[in-house]
Amino acid sequence: MLKLRLFLIVLSAAIVPLRAQNFALRGYTSELTQVLTLVDRDENPTNKSSSSKSSSNAAIQDSRDRVYYPGDTERPKPLMRKLVVNILLDQKEIWTSPFHMRASDAPWWIGFGGATAALIATDHRTSTALENSKGQIRWGNNISKIGAAYTVIPLAAGFYTFGVFAEDPKAREVGVLGAEAMVDSLIVVSVLKPIAGRNRPNTANEKGDFFDRGSSFPSGHAIEVWSLASVISYEYGHTKVVPIVACALAGVVSAARFTAQQHFASDIVAGGAMGWFIGRYVWKTHQDHAIHPHGGLKAHFMPQFQPSTRTYALGVTIGKN
């Protein structure tokens, strides 16, 4: 029975993050018309007012409004309302993901589950690979404070504040979607930790044992910093420096949790992967299409007239700008 429960924990750790990356793609075809409308709105400033009103009405009618409009993020009431609704719907998608599994997803979650299981099997050896001196543990704890809630939450708030005052939609979107991704990750890790009940490497009880009321698996610091790093990386994916810096800082925090003897390697890898794919899912699902027109998709209308037959036609082609 113990082995069965452990298998289910590993399987859930594999399914939750890897399935999240696929949800953002569902319903894309049905949103194509909305995307094209938003691109047209962005290119025609005179229509912004009417488009904003129509988009607000669409938000009321649609159970999941995947787009954050500038007007939503500049006013607290619509922003908080949309955040709460979308977080609830995010959780529904994440926790029901095993029931939507497709054959094309199998290599991803089987590979991730196998890697996590392999790390769990070797955790006792890898946890003693370092000296684990008092100085090492102290430094690890100090560095890992970069990924603490009191650090990453003000960071997301800073992006949002800068975006509002500098009228930078990308920075504002990082603040909004980064906060949403971290809340989603916090809920996931808060549910999984008590279920796994794994003891930390520095505990006085049986180190690494599951179902013993521990709180080691998965790493909360890793899932939080990697969810924010994922949103930042996708938002500024057109640059090289920003994603590298974001991922490097997340990697430093993750490694620090290992050197501080707070987590095993499998805890950190599982948490980091979950955070990355949750952040990816949030960004792809809720991004503002006015500033991310899906690769520059644009509709081109070409009127056609055939004099010999006196027939009229309207051709439509969709391509990149």
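Tutor: A crossing is left-handed if the near helix is turned anticlockwise from the far one by less than a right angle, and right-handed if clockwise. Keep in mind that this is a predicted model.

Student: Happy to start there! Which handedness does the crossing of α7 and α11 have?
Tutor: Look at helix α7, residues 134–143, and helix α11, residues 241–259, whose axes come within 8 Å and cross at roughly 145°. With the definition above, the crossing of α7 past α11 is left-handed.

Student: Which residues of α11 make that contact?
Tutor: On the α7 side you will find Q136, I137, G140, N141 and I143. By class, the contact of α7 with α11 has four nonpolar, four polar and one charged residues. The α11 side is made by V252, A256, R257 and T259.

Student: Now α10 and α12: at roughly what angle do their axes cross?
Tutor: Nice pair to compare by eye. Helix α10 covers residues 220–235 and helix α12 covers residues 265–286. Their crossing is right-handed, and the contact includes W226 in α10 and W276 in α12. The axes come within 7 Å and cross at roughly 40°.

Student: Is D123 buried or exposed?
Tutor: Find D123 in helix α6, residues 106–126. Leaving aside neighbours within four places in sequence, D123 is in contact with R198, F264, A265 and S266. The cut-off for buried is under 20% relative accessible area. Because D123 has 0% relative accessibility, D123 counts as buried.

Student: How far apart in space are D123 and G208, C-alpha to C-alpha?
Tutor: In sequence, D123 and G208 are 85 residues apart. In space, their C-alpha to C-alpha distance is 7.7 Å.

Notes. Residues are numbered from 1 along each chain as its sequence is written. This is a predicted model: local features need pLDDT of at least 70, side-chain atom pairs count only at pLDDT 80 or more; totals for chains, interfaces and linings use all residues. Side-chain values use heavy atoms; hydrogens and water are left out. Axes are lines fitted to C-alpha atoms, for helices over the stretch in contact, and angles run from 0 to 180 degrees between N-to-C directions. Helices (H or I, at least four residues) and strands (E, at least two) are DSSP runs, numbered from the N terminus. Contact means heavy atoms within 4.5 Å. Ala, Val, Leu, Ile, Met, Phe, Trp, Tyr, Cys and Pro count as nonpolar, Asp, Glu, Lys and Arg as charged, and the others, Gly among them, as polar. Buried means under 20% relative accessible area, exposed over 50%, partly exposed in between (1.4 Å probe, protein chains only).
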